[in-house]
Amino acid sequence: MEHFLGFAIPGVPYGCTYAIVAVGLVLTYQATGVFNFAYGAQAYISGYAFTKLVQTAHLPVGVAFVLSVVVLAPLIGLAFDRLLFSKIPNSNTTAKLVTGISLFVGIPSLLAVLFGSNNTYSPPSIIFNPDTVYFRVVGTPVNGIYLTTILTTVVILVALVVLMRFSSLGLQMRGAVESRRLIELDGVNAGRVVAIAWMISGFMAGLAGVLLAPIYGQLQFDDYAALMVAAFAAAAWAVLRSMPIAALVGVAMGVLATTLQGYLPVSSVWSSAVLTSLPFIVLVAALLIVPGLRTLDSTKDPLSSVDPPTPPTAAAIRAPQIEKVTRVGWYILLAAFVISMLTWLPTTWENVFNAGLVYSTVFLSITLITGMGGQLSLAQATLAGVGAFTAAQLANHFGLNLLLGGLVGAVAAALVATVLAFASVRLRGLGLALLTIAAALFFDNTVFPQLTATNGTSLQVKPQWVGLGISNPNGHAFFVLAMVVLVACIVVVRLIHRGTTGRFLGAMRGSETAASGMGINLRWQHIVIFALSGAVAGVGGTMLSIQQQQVNPQLFVYLLSLVYVVVVVPTGANTVEGAVQAGFGYVIISQLLTYVPSRFGGNSLEVVFFAFGALTYARHPEGILEYQKRKSTLRFQNLLFKDSAVDPGSPGGSTRGAVAPRGRPPGGGGADTPATAGAGDHG
Amino acid sequence: MADEAGSGPLLEVTGVSKTFGGVAAVSGVTLSVGRGESVGLVGPNGAGKTTLFNCVGGQLRPEQGRVELEGTDLLDLPTYKRARLGIGRTYQRIEVFPDMTVWDHLLVAVRARWCTGRIWKDLSRRSAPSAEEKDRVDSVLELVGIERQAGTTVSTLGLGSCRLVELARALVCEPVLLMADEPSSGLDIHETHELANVLTKLQRERGMAMLLVEHDLGMVGEVVDRTVVMNLGVVIADGTFDEVMADPAVREAYLGVKA
């Protein structure tokens, strides 16, 4: 027993930080309807500020705490609400997730850009002295860090439960989640209620951040990211509803982790695999077992019908004459690109554009799953990794040509995606995002490290694995290969998009009830689009490994899946052009940033750039680039044909009656008949 | 054209019950719809009409009872398989696909009903609408009177037009049983009258059976052969429209006082 407690008690403070973050997630979800992916980043800001204020500015701990947790943290929460989340309708789960992910990815990079990326050691404790052992429980010493964490957790929990259950503010918060607009009709200032909720949850994030830092003895974002996954798991078991359950599961996970660590033999596979995988095992179990998680996103804002319809794409509103010119222009550009690549472009830029082709292929998998399937998958880098590792292992062990192996890899990635699809067949939106991120972590921690050469070092891709004279991955031969692969993937995606499958998926995005009610097998479509997306990602992954000349887990780490999402979203996840623009944008900008002095952040700056681009998703779900394209198309057409175009800024951005949408069915009468009734009154 | 081949009713609902957290939304409901018959299902709000619809359509699973279509037990079938057996329906709260055109709505419905959209057809560029599909879609659009909006994206249409799109989407699948949930709400008097004509015509010409939930009793009287009245989850009357309207229990259910 003493043995057990000796292992279990040190887990309590870890568990308490999981609990605080989990409860914060539940609070934010209950009060604002947002599953706040950025919570870990919020905690990191306060932890960072607190440590810097104490260690660099030499402020007293109390003052630093007040500044970083009591002042800064709620202000950040307020800023998130006012600047971002208040502008997203509650029913738009994808927009809320993308915004959170952008912040999660962007904030640590922004801090690195602003203040440098040096690690900070021995962050201070807020109340009790970390080095003092205050008392012993069955022989286990309880020091100041433990005591501070446990005490703060209990106080915060009690205060929050009282607030949500017994105060009128708590009631209003719960009403605001259903529909801000609806409770405003009842005379409640919904904006104020939600803003307060954000400030409270921001305060909790800050508190967790400051408490967590001294436990790990070092301030680094990876710990905060890991903390988030553990908190996701705890919050999931509480169905994002019950704060006490979230807290209990959080504490239990902390205790379980240290207990397992104590009993499992050190340096065994079990120890490394189970321990690192614990949070996502708990998370996946919750997603598969807890039925409440399946209906998380099913509530609709009763007033969602007042939202304007989605605007048409730039391509859809282009007048036929302009369309012709644009098409010719694209062909000329493509020809110029191919000729330049094969003749005069310097090697540096040839390399960059080759990488662009490869990333475009990977990003096409996001067009399939997010643009067409309407679901946010956070495991696309992992699926690419499955393809790459499969191909590389086949080449390494069996001497199979890497290109043939790439096809096998695509099948393997499709199979993994199919398993994910089966596991997530009842999950949508948030549940699916969590399941895919859990899968990504599982592969990162457990599968990929086993597939590298030895001790986690990269597997080098040898030229003879590839053949076709592709000895130099930056050369012309690789360019031709990458181009052929990309074009083949584009053709497949376009055929699917224009065919029945694309239409069925469009129907499912619109209304799953009606889609199944007229004979569409939702499960089958869900599996098909996952498998296709996995296959394309797998192909892209193999190409990436050839281009990088190596395969290693860092190339496909879960954070990259999040980065991919924030890269594709600003350029448009719905279109093939969006994926290609994202692929090229990603590599071109990162190349341009190499010319910026490294003190401005280097790679971090790139992530910041795209993350802040992705923050526009809520306002322009079609992609900020697509939005700008539509705007300039309309402006240009306005100049050219004065009578036939309308102002894009008009409510709803609708252009009907001006330029007839393309894609009109054969024999299907006039498309430009204005709607017969007010556009806003349907539900 | 009415199918006289089978014997017995087309749809048979026997002793169906469904509760939500202890509240019995439908309890022990038994009703049948004959081939080519048009049945009105009326009752005050909260009577359980839409819940019963959802039990038949597959959106909800009842705790008790049986639901059969032409002798096939429906309860073990998922919603999409029930649709492919020929159950078409419209919804009380509009369920359309906002980003799709009216024409595409109907094409998707045709392909889903007869399982003609295969992924290998997409990949081999054989998924363009066939002449038969075009004819089928165009004729239904004309029948329902929304052919002028064929190329319009549905998100820009008003409530009334959306109802008609839903109806057209159900009809293009040539259902053996159409379940329409308040099809006239959001339509004006003229449009409601037109809708009643369309439904009557379809029933006569195609032998389509119909289960119609409707608050516009005038329309119900115009369209249906038989009327079933529900209140608080149970059937309280079953007969011709005039018979049930004269029934004291029905008057009490609607007016809240003994007639």
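Which residue in β2(B) is the bridge partner of Lys18(B)? In the model I am presenting, which is a predicted one, that partner is Val26(B).

Lys18(B) and Val26(B) belong to a pairing in which strand β1, residues 11-20 of chain B, is joined to β2(B) by seven bridges and runs antiparallel to β2(B). The two strands form a hairpin with two residues between them. In that turn, Gly21(B) has a positive phi of about 55°.

β1(B) also pairs with β4(B), again in the antiparallel sense, over five bridges. Here Val13(B) has Val67(B) as its bridge partner in β4(B). Strand β4, residues 64-69 of chain B, is in turn joined by two bridges to β5(B), and this pairing is antiparallel. Leu69(B) stands opposite Thr72(B) of β5(B).

Taken together, these strands make an open, antiparallel sheet of four, in the order β2-β1-β4-β5 of chain B. Why is one side of β2 and of β5 left without a neighbour in the sheet? Both strands, β2 at 23-33 and β5 at 72-73 of chain B, stand at the edges and have a single partner strand each, so one side of each has no neighbour there.

I turn now to the domains. The assignment for chain B gives domain 1 as 8-86 + 175-259 and domain 2 as 98-173. Their C-alpha centres are 26 Å apart. Across the boundary, twelve residues of domain 1 of chain B are in contact with twelve residues of domain 2 of chain B. On the domain 1 side, the elements giving two or more residues are α2 (79-84), β7 (177-181) and α7 (189-206) of chain B. Of these, α7(B) gives the most, with four residues.

How far can these details be trusted? The average pLDDT of chain B is 87, and 96% of its residues score at least 70. Among the elements of this chain, helix α3, residues 102-113, has the highest mean pLDDT, at 93, while helix α10, residues 248-255, has the lowest, at 82. Over residues 1-5 of chain B the pLDDT stays under 50, although the model has eight contacts beyond four places in sequence for this stretch. Where pLDDT is low, predicted coordinates should not be read in detail. For the complex, the predictor gives an ipTM of 0.91 and a pTM of 0.84.

Finally, chain A. This chain has 683 residues, of which 53% count as buried, and contains 27 helices and six strands. Of its contacts between residues at least 6 apart in sequence, 77% join residues at least 24 apart.

The largest nonpolar core has 296 residues, and Ala22(A), Ala234(A) and Leu283(A) have the most contacts inside it. Helix α9 of chain A, residues 190-216, gives the most to this core, with 16 residues. Beyond its neighbours within four places in sequence, Ala22(A) is in contact with Ala231(A), Ala234(A), Ala235(A), Ala246(A), Ala247(A) and Gly250(A).

One further helix deserves mention. Helix α27 of chain A, residues 624-640, has 17 residues and reaches 24 Å from its first C-alpha to its last, close to the 24 Å expected at 1.5 Å a residue. Its buried residues include Leu625(A), Tyr627(A) and Leu634(A), and also Glu626(A), Lys629(A) and Arg630(A).

Definitions and conventions:
Residues are numbered from 1 along each chain as its sequence is written. Chains are lettered from A and ligands numbered from 1 in the order in which they are written. This is a predicted model: local features need pLDDT of at least 70, side-chain atom pairs count only at pLDDT 80 or more; totals for chains, interfaces and linings use all residues. A nonpolar core is a set of buried Ala, Val, Leu, Ile, Met, Phe, Trp, Tyr and Cys residues joined through C-beta atoms within 7 Å. A residue is buried if 20 or more other C-beta atoms lie within 10 Å of its own, exposed if 12 or fewer, and partly exposed in between; C-beta atoms are placed from the backbone. Two residues are in contact if their C-beta atoms, placed from the backbone, lie within 7 Å. The expected span of a helix is 1.5 Å times one less than its number of residues. pLDDT is the predictor's confidence in each residue, from 0 to 100. Two strands pair if DSSP finds at least two bridges between them. Domain bounds come from an automatic or database domain assignment.
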